[in-house]
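Here are my comments on the model you sent. They are in numbered points, to be read beside the coordinates.

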Amino acid sequence: MIKQVLKIGLGVSIVASTLLAAPEKTKLKIGFIALTDCAPLVIAKEKGFFKEEGLDVHVAKEGGGWPGIQQKVISGEYDFSHALAGMPIAATLGINGNAHLQALLSLDFNGNAITYGNDIIEKMEEYGLDKSERPVTADSLKKYIDAKRAKEGNKYQPLSFGMVHPVSTHNYELRYWMASSGIRPDQDCTIKPFPPPTMPSNLIAGNIEGYCVGEPWNSRIVLKGKGSALVTNYDIWNNNPEKVLQARADFVEKNPETTKAVMRAVIKAQKWLDASWENREEAIGYLAKRNYVKAPKNVLRKSMSGTFLYNKGVDSANPMFNVFANNYASYPFYSHGMWFVTQMYRWGQLDKPVDMKALIEKVYRPDLFAQVAAEVDYKLPPSPWKKDGVDEYNKFLDGKVWDPNKAVDYIFDAKVQNSLVSKEDLMKANTWSVETKQPKYECHYGPAGCADPKYVTTGK
């Protein structure tokens with residue numbers, strides 16, 4: 001009798017728990033761009049993690065580039081999406097769409113590179129470029145531009161480069177790399193957005209000299225022998241934030257259990273991706289399919305398997321080129337989000353002062369992430385605020401330190417900046433302070449994406 005009562009009680013408890021946790025909306029559409037860092041969404045679908053959460057998810061390949069993704073999230077056609085980390089911030093500010101979007105989790109660290117065509121590389125080599133050096137600076141490009149200006153005078157023709165979106169990591173990284181050598185990106189160059197998969201064809205057609213994009217679109221041009229990857233974003237900023245999972249804030253509020261179920265499924269996929277290099281190989285097989293990235297496995301393998309192809313025929317060890325879960329790669333740090341705001345100011349994309357802390361706390365959701373993390377055994381860092389540029393695995397190419405408590409100083413602490421707002425006005429709008437705490441960079445989930453030397457491949 002007692003056993004029967006316990007059995008009934010346990011059954012009631014499970015039913016009650018299930019009812020409490022039931023997603024409000026189960027049939028979902030999640031948009032993505034054909035890049036290797038869409039892998040957490042693909043794996044959540046292919047390995048059944050969405051299904052485990054009671055979700056029926058259509059993972060939809062977006063053909064309209066990042067503007068298409070943004071428009072469909074704002075209109076409600078996509079419930080969630082793969083997004084550039086700056087996109088939900090920009091939309092909330094009204095400079096890229098006009099809607100309150102939220103970054104629910106980080107999809108990955110790193111994953112981009114700056115790739116130039118053979119013609120511009122030959123010019124740079126005349127001014128000292130050694131493309132086998134790591135990391136390569138833009139000093140030789142600066143010297144070439146200076147010589148070109150001296151020769152062309154008032155008829156100077158700016159060099160053309162591609163990136164994926166005005167508020168993308170790619171745009172800011174390309175500018176950061178150039179500006180570190182004294183190049184003025186808006187005066188010396190023309191930087192235009194292109195959908196990521198079209199970068200190789202635009203370079204081959206001569207529309208651009210080079211570009212900054214995610215994989216596999218750097219390896220693609222290197223394998224064709226049409227150019228070289230000069231520097232990765234890991235080289236520019238170790239373990240920098242890249243993509244996020246975004247949704248409309250009103251959707252999250254209306255569908256909290258659905259949102260948490262999606263987050264659990266994606267975090268499980270991220271942990272699976274970093275659990276082993278064998279899992280990465282299986283992931284390559286899924287990504288190669290027509291409905292996902294649609295690229296040859298040998299191209300996808302260059303970055304997903306612990307190596308990176310800077311120059312044709314030379315696989316360099318780069319196990320941290322794609323990090324999905326290790327080193328807190330899933331966690332949406334406030335300080336990472338605020339870095340994007342500093343770049344929007346630095347490059348003249350914002351024309352009025354805002355409280356940067358209030359903005360980021362409105363967009364990034366480490367609070368919601370912490371709830372979900374406990375349910376999927378994902379380890380949390382000690383704080384959503386940290387400094388970058390001070391630890392072994394978060395340094396910048398130029399040795400700068402990103403401290404959110406000095407955010408306004410950081411905007412103007414650059415050889416080149418085009419802020420439309422004065423430092424004084426920004427100081428008045430940002431009188432807050434935060435307590436930063438540094439996490440230990442640890443691989444909790446497996447060897448893939450981990451810098452432990454025993455997992456570092458030696459290349460060929």
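1. In which loop does S330 lie? S330 sits between β14 (322–323) and α17 (334–346). Bear in mind that this is a predicted model.

2. Confidence comes next. Mean pLDDT for the protein is 91, and 94% of the residues reach 70 or more. Residues 1–20 have pLDDT below 50. Beyond near neighbours in sequence, that stretch makes one contact in the model. Residues 454–460 also have pLDDT below 50, but this stretch has ten contacts beyond near neighbours in sequence. Where pLDDT is low, the predicted coordinates should not be read in detail.

3. Is S330 buried or exposed? S330 is buried, because its relative accessible area is 0% and the cut-off for buried is under 20%.

4. What surrounds S330? Setting aside neighbours within four places in sequence, S330 is in contact with L105, S106, Q270, F324, A325, F369 and Y378. The side chains of S330 and Q270 are joined by a polar contact of 3.0 Å.

5. Now helix α14, residues 256–275. It has 20 residues. From first C-alpha to last, α14 reaches 28 Å, close to the 28 Å expected at 1.5 Å a residue. How many of the residues of α14 are buried? The count is 17 of 20, and α14 is mostly covered.

Note on methods
Residues are numbered from 1 along each chain as its sequence is written. This is a predicted model: local features need pLDDT of at least 70, side-chain atom pairs count only at pLDDT 80 or more; totals for chains, interfaces and linings use all residues. Side-chain values use heavy atoms; hydrogens and water are left out. pLDDT is the predictor's confidence in each residue, from 0 to 100. Contact means heavy atoms within 4.5 Å. Helices (H or I, at least four residues) and strands (E, at least two) are DSSP runs, numbered from the N terminus. Buried means under 20% relative accessible area, exposed over 50%, partly exposed in between (1.4 Å probe, protein chains only). A polar contact is a pair of N or O atoms within 3.5 Å; within protein, one must be able to donate a hydrogen and the other to accept it, and residues adjacent in sequence count only if both atoms are side-chain atoms. The expected span of a helix is 1.5 Å times one less than its number of residues.
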